[in-house]
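Have the model open as you read.

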Amino acid sequence: MDDSTKRLLQRLIKRIPAQMLRTTLDKWGRLTGDQQKSMDFTQSKWALTEKMLAVCEENELTIKHLTELEMISIIDNPNKGMWYAFQLMDPQDDANSVELTQFKEQFKSHLRELVIHVSVKIKKDTDDAVWIRIAWGDTFSRPNHLKPTYVVHYLQSPYVFVTSLTSKQKPLLSQALVLSTRYQAIKDANLSGRKLTAIRDLLMRKYQQVFPTKYPSPLPENNQTISNPHIEEEQAEPAANRLQMACEAFGGGTLPQLQSAVYKLETKFRDNSNKTMTEREEPFRCVVKFASTNLLESLRHCASAGIASTPVTPLLSCIPQKGRNYFVITDNGPGPSSQMRQPQN
């Protein structure tokens with residue numbers, strides 16, 4: 001086992017949560033029954049790493065086997081790092097007929113035409129998601145398995161989710177995806193987050209959507225402290241209306257756990273008391289960021305509780321309606337960014 005393989009194994013054992021390590025190794029299936037029983041999962045990560053190094057040496061496991069282990073751990077625990085959403089554009093007539101085997105063959109073939117040294121592993125998950133692991137190299141270096149890119153694509157859909165992609169690698173991946181999925185272009189969906197399931201559910205509308213109704217249902221009874229029935233009746237209708245409008249704007253039930261929304265302002269400064277700024281020809285630029293452990297839930301609560309006004313401003317309701325959390329605000333209103341965002345290296 002060479003040094004790069006050892007470093008990959010050490011990093012894997014360190015990253016896999018202790019409570020998931022036994023299950024992950026079971027799914028991997030590269031250890032014998034006796035070797036699995038000899039693993040003491042109550043030991044420190046350092047001791048477990050040393051034990052795994054010895055076992056892998058004994059079984060003559062290679063970098064190929066360790067990438068299998070990494071893919072299992074990433075698929076089971078994808079909420080690490082920043083995920084970016086992209087949308088394929090202009091499908092060809094046969095785009096919906098592309099099946100897994102065809103996609104795998106064409107993707108690998110197209111990417112290897114663009115990059116001499118590249119390692120690609122593709123695995124289909126139980127929810128029909130196609131997971132792709134790419135270790136990039138170049139003309140003079142072998143693939144770097146310590147810094148792979150992960151791609152998740154749902155066949156027969158135009159959506160792609162990517163993490164750990166550099167600006168240099170982006171056009172290469174884009175071209176391979178477009179050719180292998182039978183589309184003609186790909187664009188930034190202006191949606192990103194640390195929870196893959198959240199941005200997937202938001203973009204693919206996998207949450208309860210609430211539509212306008214002329215007769216909103218009253219709120220369910222909570223621990224009411226008001227004893228006067230006339231006051232209760234008077235307050236119930238406005239509260240029900242606020243809840244209805246909040247759910248129409250952000251959704252009902254459990255919402256995708258989106259953690260942030262960013263608004264980049266490029267507008268004319270308006271303040272009669274500050275002529276210096278008002279008279280500037282250049283637009284006023286700043287960035288506003290909303291952050292929460294569950295942003296959509298927080299915004300829905302603010303609207304339904306009367307903390308925020310209803311109907312909800314389109315600047316906020318467009319997050320779920322457009323499936324985006326990055327906006328550029330100009331004097332013409334919110335719109336797509338003029339420049340495609342580049343994921344961080």
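The notes below go from the sheet to the helices and then to the histidine.

This is a predicted model, where local features need pLDDT of at least 70, side-chain atom pairs count only at pLDDT 80 or more, and totals for chains, interfaces and linings use all residues. Residues are numbered from 1 along each chain as its sequence is written, and side-chain values use heavy atoms, leaving out hydrogens and water.

**The sheet.** Six strands form an open, antiparallel sheet in the order E2-E3-E4-E5-E1-E6; strands (E, at least two residues) and helices (H or I, at least four) are DSSP runs numbered from the N terminus, and two strands pair if DSSP finds at least two bridges between them. E2 (118–124) and E6 (183–193) are the edge strands, each with a single partner, so one side of each has no neighbour in the sheet. On average, neighbouring strands are turned by 20° against each other, direction ignored. E1 (residues 83–91) and E5 (residues 159–163) pair over 5 bridges, and Tyr84 has Val162 in E5 as its bridge partner.

**The helices.** Both helices below lie across E1, E3, E4, E5 and E6. Axes are lines fitted to C-alpha atoms, for helices over the stretch in contact (heavy atoms within 4.5 Å), with angles from 0 to 180 degrees between N-to-C directions.

| Helix | Residues | Angle to E6 |
|---|---|---|
| H7 | residues 170–181 | about 125° |
| H8 | residues 196–203 | about 120° |

**The histidine.** His153 sits in strand E4 (residues 149–154). Its side chain reaches the backbone oxygen of Tyr159 at 2.9 Å, a polar contact (N or O atoms within 3.5 Å, one able to donate a hydrogen and the other to accept it; residues adjacent in sequence count only if both atoms are side-chain atoms).
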